[in-house]
Amino acid sequence: MHSSQRVRPRTVVLHVVVIAGALAMFFPFMWTFITSITPGAGFSITPRLWPEDASLEAYQTLFTERPFARVIANSIGLALVTTLAQLFTSATAAYAFSRLPFRGRGVVFAIYLATMMIPLQVLIVPLFAELKAFGLLNTYLGALLPTFASAFGIFLLRQAINQVPRELDEAATLDGAGHFRVFAQIVLPNIRPALATLTVFAFMSSWNAFLWPLVVLRSPELQTLPIALAGLQGQYTTAWDVVMAGSVVSILPMLALYIFAQKYIIQGVASSGIK
Amino acid sequence: MVLPTAVATPPSRTPARSGRNARRPRATIGYVLTVLAFLLPSAVPLALFVLGPMIAAAWISFTEWNLITPMEFIGLANYQELLADERTGEVFLHTIQYIAGYLPLVYVGGLALALALNRALKGRSLWRGIYFLPVVTSWIAVAIVWRWLLNPNNGVVNLALGWFGIDGPGWWTDPDWAMISIILASAWKDLGFVMVILLAGLQSINPELYDAAKVDGAGAWSRLRNVTIPMLSPSTFFVVVISLINGFQVFDQVYAMTGGGPGGSTQVVVQQIYDLTFRYGAAGEASALSWLLFIVILGVTVIQIIGQKRWVHYA
């Protein structure tokens with residue numbers, strides 16, 4: 001029998017495999033960054049792990065030859081508005097589905113959930129025609145409106161509100177509070193973790209959204225990062241340093257968000273899987 | 001009953017019926033207005049931008065339309081044309097090829113990682129964090145990086161293969177390898193997502209089951225087969241359902257890595273919908289294809305929900 005202090009070979013192997021795998025997973029990110037600081041990286045120049053004449057030239061190209069400052073502002077603005085709108089529409093709907101009984105509520109909730117199953121692709125043509133009719137093609141509003149309500153967000157917040165003890169509402173009601181006050185002063189403060197999860201997910205999905213912004217935002221000065229990035233690839237087919245600099249710019253904010261909100265992101269994903 | 005999540009208990013069924021009815025307030029005008037005030041902010045956008053377009057898509061699929069000139073009603077002609085066109089079979093075949101490569105890769109990889117990270121491991125949350133990192137990255141950035149890694153000329157992967165004397169393939173420039181390139185990039189991106197779902201599933205397994213299996217003399221492999229895999233089946237089911245839904249809708253990475261090429265070898269269903277609409281001005285046919293895709297996804301999902309009784313064990 002060996003003592004519990006001894007490191008078992010199996011544990012060592014496990015660590016080595018997990019860490020090697022993590023390094024392999026991380027490598028594409030590192031390579032993106034290294035390429036972005038290697039001037040002229042492309043068909044003739046292959047970046048080295050330690051670039052000899054590292055420079056931020058490629059980033060300069062992004063902000064001088066291409067409207068990347070504007071593109072970043074677009075992405076941030078659209079993501080903020082989408083997030084605020086989804087927090088508002090999800091919280092109000094979730095409150096109704098949890099606390100305001102009415103005839104046919106189950107059916108209405110089922111219809112809401114069904115919208116989660118409808119792929120965006122099915123909606124592309126009619127949405128495009130609809131926004132064209134409203135004169136909203138190539139406008140921020142056109143990109144935003146279809147993202148205002150999210151069945152996922154409503155579902156997430158309803159689960160959270162269902163767990164807020166009803167005694168809390170009832171006590172407030174006895175004090176003369178109506179539904180609006182119960183919602184704002186009792187329910188919302190009690191579902192902060194779920195609101196945080198939704199904030200992160202809404203921001204992330206807006207930041208990374210591709211198909212709809214691609215269809216609706218045509219002028220370069222309105223585009224968001226993923227669209228500008230795809231365009232960059234078409235324009236600088238051999239200048240990989242510029243394309244990779246664009247990737248770094250699009251990845252960094254998500255990386256920051258992820259580091260600060262890892263708990264909420266992982267919880268959000270994990271809880272979606274346990275049924 | 002303490003369950004890890006509220007989803008497990010259907011909320012509306014357990015309370016006494018009478019209590020539920022008694023609690024429903026009388027439908028005074030004030031109450032109706034309150035309900036509307038809470039519901040309309042979400043109901044209006046969902047009706048205008050999801051349900052309405054959904055119905056409109058069905059209508060458009062019965063017309064000939066190029067998005068500009070007036071629609072012309074042509075009945076089922078778009079569907080007939082799609083079913084007769086061999087490209088329709090091809091785009092579905094390519095989509096299924098994608099799923100067939102992607103799903104096993106991401107599931108087996110995710111399971112192995114989840115099992116490894118479910119143990120006492122130094123720096124566990126850091127490793128978990130790194131494996132999950134690609135999930136928060138945009139598809140376009142991922143697709144572009146992989147195009148660069150798999151660049152046939154001087155991409156890192158072919159350079160590394162060269163060290164071992166292997167002449168790397170043309171990856172996304174070669175019709176035989178383009179779909180494999182997309183599958184590799186996709187599996188890399190989603191591995192962490194599957195891992196986190198399965199890890200949550202593993203952590204909800206009752207440890208007493210393992211103790212009981214050990215008492216019965218079950219080895220590690222037998223415990224994996226007879227305890228872990230069956231107890232993990234709800235999480236596996238979720239991963240399979242979600243992966244198939246997303247798999248049939250695969251688009252971003254295809255658009256950015258190959259645009260459907262080379263030689264149409266990675267033309268998937270959604271890329272075809274996009275091209276029909278915005279390249280060939282065939283919005284009617286695109287809508288018909290969208291509906292076909294939706295019906296296929298719905299059918300596959302319903303079959304899985306019916307079939308789950310045979311293999312999914314809810315504790």
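## Domains of chain B

In chain B, four residues of domain 1 are in contact with six residues of domain 2, two residues being in contact if their C-beta atoms, placed from the backbone, lie within 7 Å. On the domain 1 side of this contact, four residues are nonpolar, none is polar and none is charged. In this classification, Ala, Val, Leu, Ile, Met, Phe, Trp, Tyr, Cys and Pro count as nonpolar, Asp, Glu, Lys and Arg as charged, and the others, Gly among them, as polar.

Domain 1 of chain B spans 1-60 and domain 2 spans 74-310; such bounds come from an automatic or database domain assignment. The C-alpha centres of these two domains of chain B are 33 Å apart.

## Basis of the model

The model is predicted: local features need pLDDT of at least 70, side-chain atom pairs count only at pLDDT 80 or more, and totals for chains, interfaces and linings use all residues. Residues are numbered from 1 along each chain as its sequence is written, while chains are lettered from A and ligands numbered from 1 in the order in which they are written.

## Domains of chain A

Chain A is divided into domain 1 (9-55) and domain 2 (67-235). The centres of these domains of chain A, taken over C-alpha atoms, are separated by 36 Å.
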